[in-house]
Amino acid sequence: MMDRILNNKWSIRIIALLLAAILFTSVHASNKDTTSFSTTSSSDSEVIENVPVKVYYDKTNLYISGVPETVTVTISGPRSIVQSAKAQQDFTVYADLKNASIGTQEVKLQVKDLSDRLKVKIDPASVSVNVQEKVTKKFSVDVELSKSVIADGYQAGTPIIDPKKVSITGAKDTIEQIAYVKATLEDDGNHKSEFTDKATVSVFDSNLNKLDVDVSPQEVEVTVPVEKVGKSVPIKIKQEGTPESDIEISSMTPDKSEVVVVGDDAVLDKIKEIEIPIDVSKIKADTVKEVTVPVPNGAKSVQPTTIEVKIKTIKKSEANTETNTSDNNKNDDTDSDDSTKDDSGDNDTKISKSFSNIQVYMSGLKSTLDAQMITPANGKVSVTITGEKKTIDGISAKDLSVIANLSKGKAGDYSIPLELNGLPDNVAYVINPTNADFILTEKEAQNSVPSKNT
């Protein structure tokens with residue numbers, strides 16, 4: 001029976017067909033499971049930021065603006081391909097503007113050199129670009145100096161610029177908007193003699209909005225002559241008038257201890273200080289007054305022309321109370337408190353003496369900074385000194401100097417321990433409060449009016 005089936009060619013064909021069908025079904029099912037597993041387990045997605053954007057256009061005749069320098073690209077697909085693309089980043093995001101027409105238009109960003117098996121999302125997907133006729137013109141450069149570049153008492157001469165003109169390339173309508181081409185020096189050099197530095201060139205319209213153009217060269221070399229024009233002179237505040245009947249002036253503190261006087265050397269040699277009168281007749285409470293600095297006879301000008309004076313007040317009733325207390329404790333015309341005292345008058349006995357309303361002086365403040373004392377509010381402290389009686393008895397308030405050293409101060413809130421000068425080495429002291437708090441601010445940059453280029 002089996003022999004007859006095997007010898008029949010149709011029987012063999014049918015058996016072969018059945019075996020082939022069974023094998024095909026088995027292999028297809030296996031591949032389907034494998035593919036499903038592979039796809040599920042190997043898919044991945046990555047976000048790539050700061051991908052550069054290339055722009056293809058007629059660089060000879062056209063100028064393009066509005067295309068971002070970089071975009072964010074998200075790729076997804078098989079893990080191995082995704083990781084390879086992220087690691088190598090050998091693909092390109094581009095805007096094709098080879099056939100663009102003049103004017104503003106929306107352009108879709110594209111990507112090339114990336115596997116077809118990856119899905120790509122570009123953010124932003126499209127951008128609004130402005131296509132204009134390309135124009136290049138030469139413009140003269142003006143130099144602007146910030147205030148901190150030149151030291152007080154000195155002035156800058158006419159800067160020498162190299163090169164005097166720069167080439168500016170941009171869209172035709174943008175080039176037509178150019179009003180100012182400026183190179184700004186903003187260092188803290190406080191120069192007292194001629195110096196040379198590099199400055200970056202910026203381009204602005206008539207409203208001082210910065211323009212999107214290409215500048216060549218981007219930096220120019222600036223040589224600035226510097227000459228002495230004045231002398232630093234201390235300020236002396238003089239009270240004039242009488243405040244309200246129930247008010248006394250406790251302190252008047254200027255925001256600057258010195259000003260610069262400009263004039264001939266013979267005149268400047270005679271000027272030792274500038275006295276500034278302050279009218280307090282209408283003062284009713286603590287205030288800050290802006291006053292004009294008088295120009296001394298024979299001088300040409302002063303810098304700055306105005307200063308601010310912080311005026312602190314106290315009610316007379318409170319002042320009288322303090323005075324009475326002070327009189328009760330008075331010793332050698334100063335407030336004192338003998339904590340250790342020998343009735344025998346032994347000069348080796350240690351005693352303590354206290355002083356109130358000692359003025360705090362600022363020192364070492366950088367010329368680029370302004371300082372406002374916050375604590376103590378009235379700019380004064382109390383001081384207690386301790387030492388041998390024979391030494392302490394010889395010290396009065398006029399011998400003491402409380403200093404706030406601001407040489408290491410930077411812009412912002414600044415606190416510094418107070419120091420007491422004028423004491424012998426064998427005398428100890430306590431200052432109350434022990435620290436002074438300041439707000440340090442950068443002086444405003446010198447404003448200069450730029451000239452319009454043609």
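User: Which residue in E32 is the bridge partner of Ser401?

Analyst: Asn421 is the bridge partner of Ser401 there.

User: Before we go on, what kind of model is this?

Analyst: This is a predicted model, where local features need pLDDT of at least 70 and side-chain atom pairs count only at pLDDT 80 or more, while totals for chains, interfaces and linings use all residues. Residues are numbered from 1 along each chain as its sequence is written, and side-chain values use heavy atoms, with hydrogens and water left out.

User: OK, back to E30. In which sense does it pair with E27?

Analyst: E27 and E30 are parallel, with 4 bridges. Val360 stands opposite Val402 in E30.

User: Which residues touch the most other members in the largest nonpolar core?

Analyst: That core has 26 residues, and Val381, Val383, Ile385, Val402, Leu418, Leu420 and Phe438 touch the most other members. A nonpolar core is a set of buried Ala, Val, Leu, Ile, Met, Phe, Trp, Tyr and Cys residues joined through side-chain atoms within 4.5 Å; buried is under 20% relative accessible area (1.4 Å probe, protein chains only).

User: And which strands supply at least two residues each?

Analyst: E27 (350-363), E28 (369-375), E29 (380-388), E30 (401-405), E31 (412-417) and E34 (435-442). The largest share, 4 residues, comes from E27.

User: What is Val383 in contact with?

Analyst: Leaving aside neighbours within four places in sequence, Val383 is in contact (heavy atoms within 4.5 Å) with residues including Phe355, Ile358, Val402 and Leu420.

User: New topic: what's the strand order in the open sheet of 3 strands?

Analyst: E19-E24-E22, with antiparallel pairing. E19 (247-254) and E22 (287-292) are at the edges with a single partner strand each, so one side of each has no neighbour in the sheet.

User: How many bridges join E19 to E24?

Analyst: 7 bridges join E19 to E24 (residues 306-315). Met252 has Ile311 in E24 as its bridge partner.

User: Last one: which ring does the charged end of Lys112 sit over?

Analyst: The ring of Tyr94, 5.5 Å from its centre. Lys182 lies over the face of Phe204, at 4.9 Å from the ring centre. The rule wants NZ of Lys or CZ of Arg within 6 Å of the ring centre and within 35 degrees of the ring normal.

Methods:
Buried means under 20% relative accessible area, exposed over 50%, partly exposed in between (1.4 Å probe, protein chains only). Two strands pair if DSSP finds at least two bridges between them.
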